[in-house]
Every structure is written in C-alpha cells, then in structure tokens.
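Welcome! Take a moment to turn the model around on your screen, and then let us walk through it together.

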Amino acid sequence: MAGIRTSPLSTLGQKPTTARYWVIVFAVTLAILSYIDRVCISQSAKRIQTDLNLNDQELGWIFSAFGLAYAAFEIPGGWLGDKFGAKVVLIRIVLSWSAFTALTGAAWNFVSLFVVRFLFGAGEAGCFPNLTKAFSVWLPHKERVQSQGIMWAFARWGGAFTPPLVVLAFSYMNWRYAFAVFGLMGVVWCAVFAYWFRDNPQDHPSVNEAEKELLREVSSQAEGHGDVPWAKLTASKTVWLLWLQYFCTSFPWYFFITFLPKYLMEYRGLDEKSASQYAVLPLLFGGFGSLFAGFVAKWLNAKVGSVAIGRKILSVTGFLGGCIFLIVCINTQDVLWAMLAMGMASFCNDLNMPGAWGTCMDIGGKYAGTVSGSMNMMGNLAGFAAPAVGGYILQNYNKDYNMFLYIMAGVYLVGAAVWPMIDPVTPIDGSPARSAEA
C-alpha cells in the first residue's frame, strides 16, 4: 500500500543480522583502553613526582598537557573522520596514543614529560568523535543513545579499575615499564579492528540484505563529507551552548582522573593501595550513570512526549545532583561516606553523557564527527583548565582540596543553567528535527 514503509523482515523475508552490534563491542573495548591509558598516570603521580622532582603545580601542568593537545586537535580529528571515514582515522589515533603511552615511561624531567603527554593528547584526539561517527552510520536512530550509554559506561569502568591495575603492575615492575605494557594493548585492538571494520555497513560481508535495509537511511552518511557548513555550525546557539555544557561536565570530572589518588593520600590520609581502591568509586558510579541514562532516555522521552524535553530533564538533574553530592562530600569526614558521595556526584555527572553525544549525532547528521569533535574540544579545554587550576590551588593555598571541590560544584550549577536553552534535536543543516525515539 502506498505510503506505508515495510520492515526489512516483511520486505525481504529474512531476519536482519546483528553485525552492527560488533561496532559497539569495538567502541566499548577502545573506550576501556583509552581510559586505562589516561588514568594510569594519576595513580603513578606520586612515584613520578618523586623520580622527576616535580612539585604540585608542575604536576598540574603535566595533567593539563593532555587536555590542551586533545582539545586543540579534536575538531581536526572529527573532521578527518567525516572526510575519510572512521576506520583509517581510528587506526592512526590508537597507534599514536599507544606509542606515546609507552614513551611516557622514558621521560626524564618536567619538559620531556610535558611534551610526551601533549603528544599523547594530540594522538588520542578524535577518538570518541570517530566512534560517534561510526555509530551514526552503523546504528539506527533508536539504538544510538543506548549505545552511547553502554560505551561511556565501559569507558568509565575501564578508568575505574585502572588504579588497582596500576598498583598490581607496580608489584612486578616500575612505573616506566608499566607505561610500556599499557601502550602495547592498543596495537592488538588495531589489528582486529583493521581486519573487521568497514566504514559503510553496506560493504560488510556479515551484513545481510535485511540489516542493510535497516541501516540504509543512516549508512548513506558514510560517504566522505569535507564540506562542513562552518558558518552554520559556528552561528548555531545550540552548538555554542552544547560546548559550554560539556565544559561544565568535564571540568569537575577531570579531578577523578588526575588528582583523586593524591587527594585520597594527602587529604584523606590513605596509603597507596587503599587510595587505589577508593579511587574506583567515582568512575564506577559514573559508568552506572551513563548506562542508566542511556536506557532510561527512551522511556522518559515517551513519558514526556519529547526527545528534547527528556534530554533536558536528565541533564539538568545530573548537573544539580553533581553539585549537591560534591558539597556533601566536602562536608563528610568519614572517608567511605565521602567517597560514596563523590561517586554519586560522578553518577549524576554522567546522566548527561548519552544525551550530549546523542545530540551531536542528531544535530550533526552527516557531520556528526565534526560536531562531536567540537563539543569534545570544549570538554578537553576543561581538561586543560581543571588540572592547572587544581595544581595552582594545591601549590599556593596549602593543599586546599576543598577549595578546588567547591569550584567544581559551582561549575555544575552553570551546566544546569545552560541545558534548558539547548535545542538538542534540530539539525544544523536545516533538515527536519526528529521527534520520536531516544
């Protein structure tokens, strides 16, 4: 009957294959690796400080070097994925960051370590925008936000269990050799990914005709698109506000992957092993926040009758909750309860993640890599700013960690104020907004 769109099953008489879910598996494993390689330096910080004779402010700049380079190269990394496809760009990214993870162990002073960590950030830039690009051409709309939730959950969990993993590695080798071992893992991922992945699911031998039909509309976005509408992108109020809210998400969160082990040892008085165990909690809880948001989004959107309103509710709730729980943490003496409160702040923080990245796919369309790269650029400018601010406070205000945490809580309030003004569903190219599904 004219006007009725039939399903792949009824049209072709076969059930769609599930090859597309292997893209989620690749994204999850890469997200875990990326956070292991990011977080291992925070658990190693005290040893590195001692060996290289670094003060707290210098350590803050070392942490910031990654964020500065990551931010600077994030838009080019996303644009390259839009132009040439995610496959070749992701392989280049993983090989680059693996090399500089290994070379971290060869640093001999502040300057050499700063340069290596800067190049590490430059090498990793574009990772998540290109995974988002892959999602945008391999997954139908209704599966995208849930998949972002799964990916970010495992990214956080990879980071969560890195501190104990690093402590375990230290029982067999020094920090220099540990970085070399962590760097090797990305090479294995690249080999498997290069063999299996295709930029366009229509070209993959494991995708049957029914799954190709299921993905036909989105896979058309796999073609190279170097002609990014920069004027529309930079003139979009939603894009600017999306950048700001992601800065507000990332600024407090970077504490969890930089100064947290030092905070637990210096402010909470824990030894290295105990600190590594408590340091699991914020990223562990953050992973559950991403997973919860990814799966509750569809139900919430249906409940309120709007994707836009559903995303705003989750994100505003997350920012406000993050602020409240950080203040609870500051004013709690018992280390377990304080870290549970910090864990809940991280849980609330990550309620924003699937919706923010889903918004990049929805408003970016075939330019999803560039839009998400620009958003992640702002997040990693926060990754540059937060450690620098933290290092300055610790060096010049007698290690006043609470001052740093109050600043983080204030940043969360800014994020809560921003989200109601964002239009998270209207594409920047002027095509019609989506009104259904998560």
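How much accessible surface does the protein have, and what share of it belongs to carbon and sulfur atoms? The accessible surface comes to about 16300 Å², and 67% of it belongs to carbon and sulfur atoms. Accessible areas here come from the Shrake-Rupley method with a 1.4 Å probe, and for residues only the protein chains shown count as cover.

## About the model

This is a predicted model, in which local features need pLDDT of at least 70, side-chain atom pairs count only at pLDDT 80 or more, and totals for chains, interfaces and linings use all residues. Residues are numbered from 1 along each chain as its sequence is written, and side-chain values use heavy atoms, with hydrogens and water left out.

The score called pLDDT is the predictor's confidence in each residue, from 0 to 100. The protein averages a pLDDT of 87, and 93% of the residues score at least 70. Among the elements, helix H18 (residues 335–349) has the highest mean pLDDT, 97, while helix H1 (residues 8–12) has the lowest, 49. Over residues 1–6 pLDDT stays under 50, and the model has two contacts (heavy atoms within 4.5 Å) for them beyond four places in sequence. Where pLDDT is low, the predicted coordinates should not be read in detail.

## The overall fold

You will find 21 helices and zero strands in the protein. Helices (H or I, at least four residues) and strands (E, at least two) are DSSP runs, numbered from the N terminus. The protein is as compact as a globular protein of 438 residues, because its radius of gyration of 21 Å is close to the 22 Å that the globule rule gives for that length. That radius is taken over C-alpha atoms, and the globule rule is 2.2 Å times the number of residues to the power 0.38. Along its principal axes, the C-alpha trace spans about 75 × 45 × 40 Å.

Of the 438 residues, 61% are buried. Buried means under 20% relative accessible area, exposed means over 50%, and partly exposed lies in between (1.4 Å probe, protein chains only). Among contacts between residues at least 6 apart in sequence, 84% join residues at least 24 apart.

## Salt bridges

How many salt bridges does a search of the whole structure find? There are 12, each a side-chain nitrogen of Lys or Arg within 4 Å of a carboxyl oxygen of Asp or Glu. One of them joins Lys133 and Asp82, with the closest N and O atoms 3.4 Å apart. This pair links distant parts of the chain, with Lys133 in helix H7 (residues 127–138) and Asp82 in helix H4, 51 residues apart. Both Lys133 and Asp82 are buried.

Asp350 and Arg156 also meet through their side chains in a salt bridge (2.5 Å, N to O). Asp350 lies in the loop between H18 and helix H19 (353–364) and Arg156 in helix H8 (residues 141–160), so the pair ties together parts that are 194 residues apart in sequence. Asp350 is buried at 0% relative accessibility, and Arg156 is buried at 2%.

Glu209 and Lys212 are three residues apart in helix H11 (residues 209–219), so about one helical turn separates them. Glu209 is partly exposed, with a relative accessible area of 42%, whereas Lys212 is buried, at 16%. Elsewhere, salt bridges that share partners join Lys46, Asp56, Lys262, Glu266 and Lys399 into one network.

## Asp56 and its contacts

Asp56 belongs to helix H4 (residues 56–84) and counts as buried, at 6% relative accessibility. Leaving aside neighbours within four places in sequence, Asp56 is in contact with Gln49, Phe259, Lys262, Gly391, Leu394, Gln395 and Lys399.

## Out at the surface

Val111, Val115 and Leu119 make a nonpolar surface patch of about 230 Å². Patches are made of residues with over 30% relative accessible area and no salt bridge, where like charges are joined within 9 Å and nonpolar side chains (Val, Leu, Ile, Met, Phe, Trp, Tyr) within 5 Å. Val115 sits in helix H6 (residues 110–124) and is partly exposed, at 40% relative accessibility.

Is Gln333 buried or exposed? Gln333 counts as exposed, at 69% relative accessibility, and its place is in the loop between helix H17 (307–330) and H18. Gln333 and Arg268 are 65 residues apart in sequence and 8.7 Å apart in space, C-alpha to C-alpha.
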